[in-house]
Amino acid sequence: MQLNLTKPICFFDLETTGVNISKDRIVEISILKVFPNGTEESKTWLVNPEMTIPKEVVEIHGIDNEKVANEPTFKELSKEIYNMIKDSDLGGFNSNRFDIPLLAEEMLRADIDFDMKNCLAVDVQTIFHKMEQRTLSAAYKFYCDKNLDGAHSAEADTNATYEVLKAQIAKYEEVENNVKFLAEFSSRKKFADFAGFIAYNKEGVECFSFGKHKGKLVTEVLEKEPGYFGWLLNADFPLYTKKVLTGIKLRSFNNKLG
């Protein structure tokens, strides 16, 4: 089984200091880049998160503070990582809800203008949950008949994710060997940002998905309540969400000028 690709796709997995997209940091990242001709390129980095890794998190992935103390920071690695993924679609396990949003935060903190506009995202976990309702270790056993040794190491999880996707395509006739289909099939509700604060309505227009303005068009809220935009930018929202909001505001302003 070889993926039907029109451009490279980078499968990746993160080990982190926690699960808060706005506050937590990457301690390990592994990327497996698959090219349309089937060739593969892989790279794994340990990362100094510049914060303490909680004991309960260390117990999960085994990466302690001493192990990353002398490793480069994400900012120091950001250009190398970005150059590896910038021409590619992205794939992962629960990546749409966690890995991609957190990676975007790290990129923006490192002053890399990370954007998903020209990039598709394939979430292998969503395909798995739609078809079987299990975990990555169970998926690996179910689809590939292998035990996932080294679970919660970024490299083992990354390679397993890639193998599971290929096995899913081979198993299910309705799962097409096409990244555009896989991205759409593995997506949940359509959001303009990664964290899910700005959703698209049935007409494909951005609206807030939380708080007092839930369900209201972003452009209408920002026009009627200008101070809300400033509050959002200063509040503890993900950087990518703030970037999307700023883009919507600028677009609205330019439309008025036009």
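Predicted model: local features only at pLDDT ≥ 70, side-chain atom pairs only at ≥ 80, totals over all residues.

Trainee: How many residues are in the largest nonpolar core?
Mentor: It has 45. I29, I31, I85, L90, F114 and M116 have the most contacts inside it.

Trainee: Which elements each supply at least two residues of this core?
Mentor: Two strands, β1 (9-16) and β2 (26-34), are on the list. The helices are α3 (74-85), α4 (95-109), α9 (218-224), α10 and α11.

Trainee: And where does the largest share come from?
Mentor: From α4, with 7 residues.

Trainee: Zoom in on I85. What is I85 in contact with, leaving aside neighbours within four places in sequence?
Mentor: C10, I31, L90, L103, M107 and F114. Of these, I31, L90 and F114 are also among the residues with the most contacts inside the core.

Trainee: What lies apart from that core?
Mentor: Another core, of 31 residues. I9, I169, Y172 and V179 are among them.

Trainee: New topic. How do the axes of α10 and α11 cross?
Mentor: At roughly 155°, coming within 10 Å. Here α10 is residues 226-234 and α11 is residues 239-257. Angles over 145 degrees count as roughly antiparallel, so α10 and α11 are roughly antiparallel to each other.

Trainee: Left-handed or right-handed crossing?
Mentor: α10 passes α11 in a left-handed crossing.

Trainee: Which residues make the contact?
Mentor: On α10, F229, L232 and L233. On α11, K242, L245, T246 and K249.

Trainee: And by class?
Mentor: The contact of α10 with α11 has 4 nonpolar, 1 polar and 2 charged residues.

Conventions. Residues numbered from 1 in each chain as written. Heavy atoms only, no water. Axes fitted to C-alpha atoms, helices over the stretch in contact; angles between N-to-C directions. Helix = DSSP H or I, 4+ residues; strand = E, 2+ residues; numbered from the N terminus. Parallel < 35°, antiparallel > 145°, perpendicular 65-115°, else oblique. Left-handed = near helix turned anticlockwise from the far one by under 90°. Contact = heavy atoms within 4.5 Å. Nonpolar A, V, L, I, M, F, W, Y, C, P; charged D, E, K, R; others polar. Core = buried A, V, L, I, M, F, W, Y, C linked by side-chain atoms within 4.5 Å. Buried < 20%, exposed > 50% of the residue type's maximum accessible area, 1.4 Å probe, protein only.
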